[in-house]
Amino acid sequence: MFYKLITECGHMGAGNSFERTWFIKGNDPLDVFQKARRLPRVKRKETSLGIKLIERISKEEYINGINSKREAVKILLNG
């Protein structure tokens, strides 16, 4: 199963953060929730308040999401 995950990320100072979208494979929402708590930069890992959304998506949406992330990184690196 494929999931879209939105987390609150940070290390930008107290009360400052940004939302980040992740595309993750998992057996069920609880499995994805546990994986989310180990992702880098996620705020409030100990209370899980940094996890804003877990949504089941299709394989096509997963692939499109991963590809769009790759394109964004490529544009940032190449200017």
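The model is predicted. Strand 1 spans residues 2-9 and pairs with strand 2 and with strand 3. Its residue Phe-2 also takes part in an aromatic pair with Tyr-62.

**Strand pairing**

- Strand 2 covers residues 18-25 and pairs with strand 1 in the antiparallel sense, over eight bridges.
- Within this pairing, Thr-7 has Arg-20 of strand 2 as its bridge partner.
- Strand 3 covers residues 51-57 and is also antiparallel to strand 1, with six bridges between them.
- Here Phe-2 has Ile-57 of strand 3 as its bridge partner.

**The aromatic pair**

- The structure holds one aromatic pair.
- Phe-2 and Tyr-62 form this pair, with 4.7 Å from centre to centre and 35° between the planes, and the arrangement is tilted.
- The two residues are 60 residues apart and link distant parts of the chain: Phe-2 belongs to strand 1 and Tyr-62 to helix 2 (residues 59-78).
- Tyr-62 has 15% relative accessibility and counts as buried.

**A charge over a ring**

- Arg-20, the bridge partner of Thr-7, lies over the face of Trp-22.
- Arg-20 is placed at 3.9 Å from the ring centre of Trp-22.

Technical notes. Residues are numbered from 1 along each chain as its sequence is written. This is a predicted model: local features need pLDDT of at least 70, side-chain atom pairs count only at pLDDT 80 or more; totals for chains, interfaces and linings use all residues. Side-chain values use heavy atoms; hydrogens and water are left out. Buried means under 20% relative accessible area, exposed over 50%, partly exposed in between (1.4 Å probe, protein chains only). Helices (H or I, at least four residues) and strands (E, at least two) are DSSP runs, numbered from the N terminus. Two strands pair if DSSP finds at least two bridges between them. Rings of Phe, Tyr and Trp (its six-membered ring) pair if their centres lie within 6.5 Å; planes under 30 degrees apart count as stacked, over 60 as edge-to-face and the rest as tilted. A charge sits over a ring if NZ of Lys or CZ of Arg is within 6 Å of the ring centre and within 35 degrees of the ring normal.
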